[in-house]
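Let's take a walk through this model, from the overall fold down to single residues. Here is the structure to keep open alongside.

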Amino acid sequence: MSTRRNFIRTVCSGALGASCVGMNHARILADEPTAGTSNKLGKMNLSFKPYLLTLRHAFGVAGVTRTETMGVQVEIECDGVVGYGEASMPPYLSESTESVLAFLKRVNLEQFNSPFEMDDILTYVDGICDNNAAAKASIDLALHDLVGKLIGQPWWRIWGLNKEKTPTTMYTIGIDVPEKVMEKTREAKNFEILKVKLGRDKKSDREMIESVRAVSDRPIAVDANQGWKDKIYALEMVEWLHEQGVVFVEQPMKKTKLDDIAWITERSPLPIMADESLQRLTDIQRLRGAFSGINIKLMKCTGLREAWKMLNLARALDMKVMVGCMTETSCAISAAAQLSPAVDWADLDGNLLISNDCFEGVKTAPNGKLLLSDKPGLGIEKLDKPINRLDTII
Ligand code: MG
């Protein structure tokens, strides 16, 4: 064991504190003498570049359809160890490739002595400006990956989670014509739970569900993406969906219609989950009662540091928790998967929806169960050649 490695482990025990360093790590520390170490970690080097993600199928939600989407890949290097992060910017949020790159150019990590100053670093990054959550998340993810690698532990273990408790991820069926919906559903035939996008009119929404049901009797989660205009109609749809084997409904109406959503939730036979109504930690308290639970997405909440706090606050408020994603590579999906043993549902199929995934990370079993590894950090490795991941599991 090198002197530098001993130094890293000594530093991390102080930086992270006993509360978040599990027994496994304590044992590693005890095994290795640290007296006399004097090496210091070098400065952190930040680099980033755009990366165009190509979609397997044109993807439709209420209001927009797309065939590709731009992301930004981020690296933070320190003493030869590289942490990877990613920003993904769906069109319905306010970030673009240009805004993410402009934000990242403003980030100066050289002012910090060590990646283990995570809380100071991420507080500084969050304070650079008000918005830019995905850009902030890309730094947060790269830093978590780097620190986990320096410690030699994955984040699920640092948080004290049990990797056997990961849920099965949903596989998303976007809005499309019946033949395409049936084709996509057949493609996902082994997944234990499907997620179906609704939010148009009664005829189209029922046709979507009936197309899925024509080829699958698996449980369905529904995402209305704020699409329903009227609370009485929305409740009628929720009751009909309950009869169709739906397990929850996400964001039935516009985020501004909180009173109407609370009215639906009070009467609904199904949990009503918040997505667009929710961004960050400070939003959760006011949503209690209006929704049954929250959908945490790293790109909206600035990354894993805040996501972990959100998960714990929601639990303390007796709310259900799911972890969701954008269309993104196995880098960001593996980051979100680190939290997944602690959630009720996972919607982490963003890497399965693209044909050029450039990371190896969390695996998906044929039934959709997320398979976390013991690899440190986010549990990822960069691939030389991008792959079409869904081809590898079905
Ligand atoms: Mg949603």
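How many helices and strands are there in the protein chain? There are 15 helices and 15 strands, where helices (H or I, at least four residues) and strands (E, at least two) are DSSP runs numbered from the N terminus. Keep in mind that this is a predicted model: local features need pLDDT of at least 70, side-chain atom pairs count only at pLDDT 80 or more, and totals for chains, interfaces and linings use all residues. Residues are numbered from 1 along each chain as its sequence is written, and side-chain values use heavy atoms, with hydrogens and water left out.

**The chain overall**

Of the 394 residues in the protein chain, 57% count as buried; buried means under 20% relative accessible area, exposed over 50%, and partly exposed in between (1.4 Å probe, protein chains only). The accessible surface of the chain comes to about 15,600 Å², and 50% of that belongs to carbon and sulfur atoms (Shrake-Rupley method, 1.4 Å probe; for residues, only the protein chains shown count as cover). Take the contacts (heavy atoms within 4.5 Å) between residues at least 6 apart in sequence: 72% of them join residues at least 24 apart.

**The metal site**

The magnesium ion is coordinated by Asp223 (OD), Glu250 (OE) and Asp275 (OD), at 2.1 to 2.2 Å. Donors here are N, O and S atoms within 2.8 Å of the metal (3.2 Å for Na, K and Ca), and water is not among the atoms, so sites may look incomplete. Along the sequence, the donor residues follow the spacing D-x26-E-x24-D. Asp223 sits in strand β6 (residues 220-223) and Asp275 in the loop between β8 (272-274) and α11 (284-287), so this pair ties together parts that are 52 residues apart in sequence.

**Cores**

A nonpolar core is a set of buried Ala, Val, Leu, Ile, Met, Phe, Trp, Tyr and Cys residues joined through side-chain atoms within 4.5 Å. The largest one has 116 residues, and Trp228 and Leu241 touch the most other members. Helix α5 (residues 133-151) gives the most to this core, with 11 residues. Another core, of 7 residues, lies apart from it and includes Ile193, Ala221, Phe248 and Met322.

In helix α7 (residues 178-187), Val181, Lys184, Thr185 and Glu187 are buried. Seen down the α7 axis, the buried residues fall within an arc of 155°, so they line one face of the helix; the arc is that of the directions from the helix axis to the C-beta atoms.

Thr185 also turns up in contact with Ser216, as does Leu194, leaving aside neighbours of Ser216 within four places in sequence. Ser216 is found in the loop between α8 (202-215) and β6.

Val246 lies in strand β7 (residues 246-250). Beyond four places in sequence, Val246 is in contact with Ile220, Val222, Leu241 and Leu270. Val246 and Leu194 are 52 residues apart in sequence and 9.4 Å apart in space, C-alpha to C-alpha.

**Accessibility at a glance**

| Residue | Relative accessible area |
|---|---|
| Asp223 | 0% |
| Asp275 | 2% |
| Val246 | 4% |
| Ser216 | 11% |
| Asn132 | 14% |
| Gln251 | 0% |

Most residues other than glycine have a negative phi. Asn132, in the loop between α4 (118-127) and α5, has a positive phi near 55°. Gln251, in the loop between β7 and α10 (258-267), has a positive phi near 40°.
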